[in-house]
2 protein chains.
Amino acid sequence: MARQERAVRTRRAVVEAAASVFAERGYAAATIAEILERAGVTKGALYFHFDSKEALARGVIEEQTTRDHRVPREPKLQEWVDTGMSLAHQIPRDVILQAGIRLSGDLQGRALFGSAWPAWIERSTALLAEARERGEVLPHVEPAQTAECFFGAWLGTQAFSEASSRWSDLSERVCVLYAHMLPAIATPAALVRLDTGPDRGARVVREAEAERARRAAPVTAEV
Amino acid sequence: MARQERAVRTRRAVVEAAASVFAERGYAAATIAEILERAGVTKGALYFHFDSKEALARGVIEEQTTRDHRVPREPKLQEWVDTGMSLAHQIPRDVILQAGIRLSGDLQGRALFGSAWPAWIERSTALLAEARERGEVLPHVEPAQTAECFFGAWLGTQAFSEASSRWSDLSERVCVLYAHMLPAIATPAALVRLDTGPDRGARVVREAEAERARRAAPVTAEV
């Protein structure tokens with residue numbers, strides 16, 4: 001294995017181990033000793049990538065928005081819906097997202113290592129602004145306000161689902177949330193075109209993964 | 001002071017002190033020693049009312065739904081809106097509600113001392129069911145589902161507001177949340193009759209307090 005590839009794998013193992021410890025215990029109770037044990041790497045290897053617990057938390061937060069399966073869509077509002085639905089599908093399966101939720105909501109800790117909230121709200125605002133330019137949203141909708149409102153609602157839906165089913169009903173609950181908010185956001189013409197079924201997230205993730213695999217496969221037909 | 005009145009005051013002081021410690025530190029980090037110190041009562045007095053930290057947390061949780069300023073309304077949907085708006089107004093001012101939020105959302109702790117969530121959802125479901133009987137809600141609305149959906153959204157809005165402004169923008173944010181959800185819940189005829197202004201919560205609380213004061217005042221006109 002090339003040295004660089006090994007470094008990438010080590011970093012990955014450390015971020016995943018850190019995420020699993022943060023997700024389980026929260027930032028304050030997490031220890032580097034436990035992260036080391038779960039990662040199965042040497043202390044030197046961990047400190048090569050992250051020089052403190054704080055840096056590990058920052059590393060996990062930075063990973064958050066890279067977990068998003070973006071597939072460009074028309075209407076743009078479908079892409080906005082897809083972000084929330086694919087995240088809902090992934091959270092029960094992805095410890096990095098679980099850790100990001102816990103860390104981002106840690107009001108003491110976030111002063112040290114930041115929060116993924118602003119990045120999600122920014123992405124959501126941008127998609128709603130594009131949707132507005134295309135006439136897909138109702139005239140009174142202000143993208144930044146709606147993005148923050150939806151984000152707060154999504155966050156609480158996620159917390160409620162964690163408490164009631166360890167996220168196993170999250171896709172269902174997020175689908176109900178969209179049904180309760182979209183009539184105040186989408187024009188009737190855009191609304192009827194939107195797919196907000198509870199399995200939407202799973203389908204978007206599958207599609208994005210197939211697309212990624214297609215791109216990674218060796219190209220033979222091109223010169 | 002009569003013995004019973006003194007006992008009520010002591011209990012009140014203990015619950016308030018416990019709430020302030022739980023709200024600040026969370027359940028796990030709270031100590032009875034600190035609660036005693038803040039309450040300014042003897043250990044014996046505290047243990048007369050609550051025999052453990054768990055019992056104190058349970059006492060704070062039980063207080064939650066008694067903080068609600070209920071004023072019967074027509075349309076019933078206004079009463080439903082008023083519950084969420086008056087809570088939003090009170091949270092920045094009421095440490096017992098702040099503690100209830102923190103305790104109810106403590107996924108480890110709630111196994112010991114319970115959560116106020118089910119009581120709020122039950123109240124919300126009952127109001128939505130009454131509103132449905134009166135034809136104020138759209139035909140597809142299922143009270144229990146809408147109550148849970150709104151509760152999750154309200155919870156996240158509250159968490160977002162705590163993080164961004166220590167709840168000082170909560171009334172504003174809850175007002176935006178209602179604006180984004182009511183069009184999927186209320187019939188157009190009921191919707192136009194609803195008051196969802198950001199100062200609605202403050203007005204409801206004032207009105208309920210005036211009503212309570214009126215009832216507590218000595219009655220002279222009656223025989």
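About 1,300 Å² is buried between domain 1 of chain A and domain 2 of chain A, and carbon and sulfur atoms give 71% of that area. On the side of domain 1, Ala23(A), Tyr27(A) and Ile61(A) together supply 43% of the area buried against domain 2, more than any other three residues. The model is a predicted one.

**The two domains of chain A**

Domain 1 of chain A covers residues 3–61, and domain 2 covers residues 65–216. Their centres, taken over C-alpha atoms, lie 27 Å apart. In the contact between them, domain 1 takes part with 16 residues and domain 2 with 15 residues.

Two helices of chain A, H1 (3–29) and H4 (53–63), each supply at least two residues of the side of domain 1 that touches domain 2. H1(A) gives the most to that side, with 11 residues. Sorted by class, the side of domain 1 that touches domain 2 holds 8 nonpolar, 2 polar and 6 charged residues.

**Helix H2 of chain A**

Helix H2 of chain A spans residues 32–39, and its buried residues are Ile32(A), Glu34(A), Ile35(A), Leu36(A) and Ala39(A). The cover over these buried residues includes H1, helix H3 (43–49) and H4 of chain A. After H2(A) comes Gly40(A), which has a positive phi, near 65 degrees.

**The interface of chain B and chain A**

The contact between the chains takes 27 residues from chain B and 27 residues from chain A. The area buried between them is about 2,100 Å², with 71% given by carbon and sulfur atoms. Cys149(B), Phe160(B) and His180(B) supply 28% of the area that chain B buries against chain A, more than any other three residues.

The rule finds 2 salt bridges across this interface. One salt bridge joins Arg173(A) to Glu148(B), and the closest N and O atoms of this pair are 2.7 Å apart.

Helices H8 (117–133), H9 (143–165) and H10 (170–181) of chain B are the elements that give two or more residues to the side touching chain A. H9(B) provides the largest share of that side, 14 residues. By class, the side of chain B that touches chain A has 17 nonpolar, 6 polar and 4 charged residues.

| Interface | Buried area and carbon and sulfur share |
|---|---|
| Domain 1 of chain A and domain 2 of chain A | about 1,300 Å², 71% |
| Chain B and chain A | about 2,100 Å², 71% |

Technical notes:
Residues are numbered from 1 along each chain as its sequence is written. Chains are lettered from A and ligands numbered from 1 in the order in which they are written. This is a predicted model: local features need pLDDT of at least 70, side-chain atom pairs count only at pLDDT 80 or more; totals for chains, interfaces and linings use all residues. Side-chain values use heavy atoms; hydrogens and water are left out. Domain bounds come from an automatic or database domain assignment. Contact means heavy atoms within 4.5 Å. Buried area is the accessible area (1.4 Å probe) that two parts lose on being put together, summed over both. Helices (H or I, at least four residues) and strands (E, at least two) are DSSP runs, numbered from the N terminus. Ala, Val, Leu, Ile, Met, Phe, Trp, Tyr, Cys and Pro count as nonpolar, Asp, Glu, Lys and Arg as charged, and the others, Gly among them, as polar. Buried means under 20% relative accessible area, exposed over 50%, partly exposed in between (1.4 Å probe, protein chains only). A salt bridge is a side-chain nitrogen of Lys or Arg within 4 Å of a carboxyl oxygen of Asp or Glu.
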